Every structure is written in structure tokens, then in C-alpha cells.
Protein chains: 2
Amino acid sequence: MKKSKSREISRPTAERLTEYLLILEQHLSCGNETISSKELSDVFGNTPSQVRQDLFQLENTGRIRHGYNVKTLTMAIRNRLGLGNITNLAIIGCGKLGSAIAEHVPFSVYGIKLAGIFDNHKSIIGKKVGGIMVENVKDLEKSLRKRKISIATLCVPPSAAQEVADKLVSAGGVRGILNYTQKRLKVPDNIVVRDRQIVCSFMQLAFFSNQGV
Amino acid sequence: MKKSKSREISRPTAERLTEYLLILEQHLSCGNETISSKELSDVFGNTPSQVRQDLFQLENTGRIRHGYNVKTLTMAIRNRLGLGNITNLAIIGCGKLGSAIAEHVPFSVYGIKLAGIFDNHKSIIGKKVGGIMVENVKDLEKSLRKRKISIATLCVPPSAAQEVADKLVSAGGVRGILNYTQKRLKVPDNIVVRDRQIVCSFMQLAFFSNQGV
DNA sequence: TAGATTGTTAATCGATTAACAATC
DNA sequence: TAGATTGTTAATCGATTAACAATC
């Protein structure tokens with residue numbers, strides 16, 4: 001949890017940096033050891049200038065004329081985003097969405113450790129999902145503390161969303177919530193909530209694919 | 001597919017408008033017939049000024065001193081975003097993520113019709129998921145045309161992503177792709193791709209919940 | 001009426017884009 | 001060497017915020 005030495009990183013830049021990480025991994029797995037700002041921007045869909053401006057926020061890693069070493073750049077981004085320190089994650093709700101996330105999202109590659117899954121259905125409590133055992137949501141607060149969990153994602157039915165959010169807050173230690181439920185949550189100001197209502201992505205796609213851009 | 005009468009709507013505004021729709025629905029279901037820019041911004045997490053600036057892009061619907069009628073405003077947003085006309089959607093890949101989306105996302109409320117689901121596993125082809133029958137992905141192109149599908153979402157393993165994307169493009173008619181796979185896609189410029197790699201949301205949450213904002 | 005809240009323009013802020021020297 | 005590409009500053013662009021008249 002080193003304090004960032006230079007100025008704050010802007011929100012749009014931080015968001016793009018996370019996406020660059022995936023592109024870099026893909027690029028590396030294709031056997032490329034270096035990448036230029038032009039190549040990266042072609043894949044991402046922005047401009048070389050913006051890529052360089054983003055990477056300028058890191059400890060410099062490029063070599064003029066040769067582009068960026070993919071591995072070096074990957075590490076620089078991870079460090080800048082604080083993904084070098086493991087962040088413990090809990091998934092609340094182990095229905096189809098929760099278990100899809102648990103099983104398919106490559107957390108460990110990006111500095112996140114899936115440290116707890118919770119549900120209220122007896123049929124699934126005790127089963128292993130994504131490599132760990134599903135716990136009873138009744139034990140949520142106690143277990144969150146025990147496992148030092150600092151971020152959580154809500155994959156429960158909308159009707160249970162606020163109630164679970166309240167527990168996440170009262171447990172202490174949870175600083176961020178990724179909310180996949182339809183409901184907007186009321187939480188204290190010091191808790192970061194990122195709303196990811198899936199249906200919004202579909203509406204946006206419908207709109208943008210109709211009216212250009 | 002009426003052409004928008006006034007100027008183009010900006011990307012950030014369009015994205016927020018889709019989220020306002022969910023908030024309005026929630027607000028209405030709590031028994032409130034009107035909402036002020038202050039109330040809406042409190043829930044969304046922005047400012048009354050920004051809300052009014054966003055809503056200024058619509059046919060005006062507010063009443064000074066009384067705020068906005070929730071139903072009227074909802075319809076105005078839907079119309080402005082073109083969600084009045086039904087958009088036909090296909091889900092490609094009926095694993096946990098694909099079926100979670102098919103079953104839990106309330107498409108029909110927001111002008112989107114789930115018109116096709118495709119997979120390559122015999123065990124699930126022919127079964128009903130989210131109210132419609134899973135088809136063999138081998139019939140993808142033919143079926144996309146038959147069902148007049150214009151947007152699609154990729155919920156397949158990364159290894160199959162580009163291949164399926166190519167089919168979506170070659171089928172014709174598909175204008176937008178929501179990509180939940182880890183892979184970046186290569187598609188022609190006239191196809192809108194929105195990348196929604198879930199792991200990025202988690203990285204962003206980890207970052208933002210550490211370093212303020 | 002007075003207070004509240006919108007509609008709308010103007011000012012500010014921040015992000016993107018452009019430019020170019022440095023240099024490999 | 002000449003050409004390519006970064007690092008970095010400056011210019012532009014667009015989005016957010018502020019302000020306030022209109023008015024219910």
C-alpha cells in the first residue's frame with residue numbers, strides 16, 4: 001500500500017490501463033515481446049497519443065524507436081494500479097452469475113484473490129465453486145473479517161441487495177462493492193460502489209449501434 | 001429508426017441516461033410519481049446540474065418547481081435512446097454467464113428482445129433458457145438473418161471469440177457486439193463493439209477503493 | 001407571496017489531441 | 001545515416017459545473 005509517488009492518476013486513464021493489461025497479455029501470448037503505442041491503440045481503439053499520455057503516468061518503460069517491452073510494461077501498470085498487493089474478494093450470491101464470475105474470471109492473474117463465496121441456499125452451501133467452498137450468508141460478517149476481504153461483488157436478487165450491502169458495510173474492512181443487481185445501493189461515502197447493471201450495457205449497445213459512434 | 005431531430009447526444013450523457021432509467025423504475029416502484037434533479041443526482045452520485053444538463057438533451061419534460069414526472073421522463077429517455085423500437089438480441093454461448101444473462105436481465109422492459117441463444121454443446125441445444133430454445137451454433141448465420149438480429153453478446157470461451165465474431169459479421173445485419181470474453185476482437189469499422197471484460201471492473205474497483213475517488 | 005426547481009447559457013475544468021525534440 | 005517512435009509540453013476540444021432568469 002505504498003502511496004503513489006507522482007500525481008493522482010485520472011479515472012479514464014486508470015480504466016484504460018486495466019484494459020491495456022488484457023491486451024498486453026494477449027499480445028504476449030501471440031509471441032510478441034514488444035508493442036508500440038500505435039499497435040496498442042489499434043487494438044484498444046484509441047490513438048497512439050492517448051496511449052502515450054496514459055503510459056506517461058507510469059514510471060517510464062518505453063524505448064524510443066523500439067516501443068514498449070510487454071512484460072516490463074505489464075509490471076509497471078500493475079504496480080501503478082496497486083495490483084501488486086493481493087486484494088481479497090468476496091462474491092455474494094452463487095447463482096448463475098456469481099458462479100460464472102467465480103469460475104471464469106481470471107482474478108489471480110490480476111492481483112485479486114477470490115477469498116469467499118456466500119449464498120443462502122442449502123443446496124449449494126458447502127459445495128466448491130471456483131476452487132473455494134460456498135459459505136452460508138449468515139456467517140457473512142464474521143467470515144469477511146476473518147478472511148480480510150476488502151472488495152465484494154453483489155450477485156444476489158435485487159430484493160436482497162440493500163440488506164446484503166448493509167452487512168458488507170457493517171462488517172468493516174470492505175472498501176469497495178461491485179454491484180451487478182438492478183438496485184442502486186445506499187452506503188456511506190467512504191465505500192466505493194461501482195454499478196454494473198448489465199442491462200445498461202445492452203441499452204448502450206442498442207443506442208450506439210443505431211446512431212453512429 | 002427515426003433520425004434524432006436535435007444534435008447528437010454525447011456518449012457520457014447517453015450512458016447516464018440508461019442508468020437513469022433503472023433509477024426511475026426503482027423510484028416509481030417506491031410509489032413516487034415525481035422526481036427532482038436533486039433526488040436523481042443523489043441516487044446516481046452526480047450533481048443536479050449534470051442531471052438537468054443531461055435531461056436538457058430530451059424533449060423537455062420537467063415542470064419548474066415540481067420536478068419531473070417519472071413516467072413521462074422514462075418515456076422521453078426511451079424515445080431519445082431509440083428504445084421505443086424493439087432491438088433483437090442474440091446471446092452466443094449458453095454457459096453460466098450466457099444463461100445468467102438470458103434468465104436474469106430484464107431486456108423486455110428496456111426495448112430489447114432476446115431472439116436467439118446459441119451454443120455448441122449437444123446437452124443444452126434444444127433446451128429452453130430465458131424463455132427461448134437454445135440453437136446449434138452451426139445454424140448461427142442463417143438464424144441471425146431469419147430472426148432479424150441486430151445486436152449480439154459473446155459469452156463463449158476466449159478461444160472461440162474471434163471465430164464467432166467473424167460469423168456475426170458475415171451473417172450481415174448485426175451492428176453491435178457486447179464482448180464479455182477476454183479477447184479483443186477484430187471487426188470491420190461499421191460494427192460497434194463494447195468490451196466488457198469483467199475482470200477489468202474488479203481491477204478498477206480494487207484500484208479506486210484503495211486510492212480515493 | 002416566497003421559496004423551490006427547472007431550462008438554458010456561460011465559465012471552468014479536465015481530458016484528448018497535436019506537435020515536436022530527443023534519440024535509438 | 002535516415003526513419004521511427006517515445007517522452008513531454010502545448011493547444012484544442014468537450015464535458016462538467018456554476019449561475020441565474022423564468023415560473024410554478
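Tutor: A salt bridge here is a side-chain nitrogen of Lys or Arg within 4 Å of a carboxyl oxygen of Asp or Glu. This is a predicted model, in which local features need pLDDT of at least 70, side-chain atom pairs count only at pLDDT 80 or more, and totals for chains, interfaces and linings use all residues. Residues are numbered from 1 along each chain as its sequence is written.

Student: How many salt bridges does the rule find across the interface of chain A and chain B?

Tutor: The rule gives 4 salt bridges between chain A and chain B. One of them joins the side chains of A:Arg184 and B:Glu19, at 2.3 Å from N to O.

Student: Which element gives the largest share of the side of chain A that touches chain B?

Tutor: That is H8(A), with 13 residues; helices are DSSP runs of H or I with at least four residues, numbered from the N terminus. By class, this side of chain A has 35 nonpolar, 14 polar and 13 charged residues, where Gly counts as polar.

Student: And how many residues does the contact take from each chain?

Tutor: It takes 62 residues from chain A and 62 residues from chain B, contact meaning heavy atoms within 4.5 Å. The copies meet through the same surface, because 100% of the interface residues of chain A are also interface residues in chain B.

Key: Chains lettered and ligands numbered in written order. Heavy atoms only, no water. Helix = DSSP H or I, 4+ residues; strand = E, 2+ residues; numbered from the N terminus.
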